Amino acid sequence: MRNVLLLTVMLVFCVTSVFAQKKSVMLVPFDSKLFNNQESEVMLEDSDMSYEQSIQFFTTSLDEHLTRAVKDAMRIHSLLRTYTTDAYSDIDIVHQQADYVLTERPQSMSEKKDLSAFQVAKKRFKKRKKTNPRVAPPDGEVVSEKEDNSDKFVSVKFSDPQVFIDLIQNYSVNYVVFITQFEILGDYSDPYAVAQQSYLRTIRVHYAIFDESGKFVYGDYETNTFLASQNAIADVCANYFPEIARKIMRRIP
């Protein structure tokens, strides 16, 4: 009997130790204001959803796939799946206080220091950017320059550090993964493909990862493509979110 009791205690201790060694990660969903689906009209019709319902479906489905990607390796806390009044309040607070910043991918550790979650954002993504004045060339034709943002992702900063600190302390996590923007974009460059519904759509998910001190760990966007003939939102999420989720969660140290 004594041996059985000792074995049970040792087993409980081992399980507790392994559980304690797992990284603890908080998932923060994207703000509905940073949702952009260029293909909404036909996808909503085929899925029998309203626009608001589709946002909710995309949000919860992505959250579930992010959790599944590392369920055996990390302890995941999600503000979407923590069914308390405080959790939903935390989502609102984070989204209201966040400064979303269009950011170039850092190439060095020194550049990463500049992307701390606590620094005041110099450029707010929510504000409309001033355009450069158009210049008329010698022949009189008026042209304007178009900025290429293909090498940039949407990161996040907080002018009030306490918002981030409270998030860390309330849920006792080591890392926070912010999903900052969600997009579905259509490639309309080939009129024939568009007419035949054979053009490609791209899912683009922007994200930023910070450690418990607010230090920037990684940020980027991940993509996956699917044919325009696929309009069922549930099928799109089931088939194309897993790869995106795996890519994002692999970036956690």
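I start with the second largest pocket, which has a volume of about 210 Å³. This is a predicted model, where local features need pLDDT of at least 70, side-chain atom pairs count only at pLDDT 80 or more, and totals for chains, interfaces and linings use all residues. Residues are numbered from 1 along each chain as its sequence is written, and side-chain values use heavy atoms, with hydrogens and water left out.

A pocket here is an open set of points on a 1 Å grid over the protein atoms alone, with protein on both sides within 12 Å along at least five of seven lines; a cavity is a set where a 1.4 Å probe fits but cannot get out, and lining residues have an atom within 4 Å of a point. Volume is the space filled by probe spheres set on the points, which are joined across faces, edges and corners.

The lining of this pocket has 13 residues, and Phe-30, Ser-32, Gln-56, Thr-59 and His-95 lie nearest its centre. Helices α3 and α4 (85-97) are the elements that give two or more residues to it. By type, the lining has six nonpolar, four polar and three charged residues.

Now the cavity. The structure holds one of 30 Å³ or more, and about 50 Å³ of space lies in the largest cavity. Its lining includes Phe-30, Thr-59, Leu-62 and Leu-66. Which element gives the most to that lining? It is α3, with four residues.

Last, the helix pair. Helix α3 (residues 51-69) packs against helix α8 (residues 233-249) at an angle of about 45 degrees, with the axes 8 Å apart. The two are therefore oblique to each other, a class left after under 35 degrees (roughly parallel), over 145 (roughly antiparallel) and 65 to 115 (roughly perpendicular). Contact, meaning heavy atoms within 4.5 Å, involves Leu-62 and Leu-66 of α3, among others, and residues including Phe-241 and Pro-242 of α8. The residues of this contact divide into 14 nonpolar, three polar and one charged.

Notes: Axes are lines fitted to C-alpha atoms, for helices over the stretch in contact, and angles run from 0 to 180 degrees between N-to-C directions. Ala, Val, Leu, Ile, Met, Phe, Trp, Tyr, Cys and Pro count as nonpolar, Asp, Glu, Lys and Arg as charged, and the others, Gly among them, as polar.
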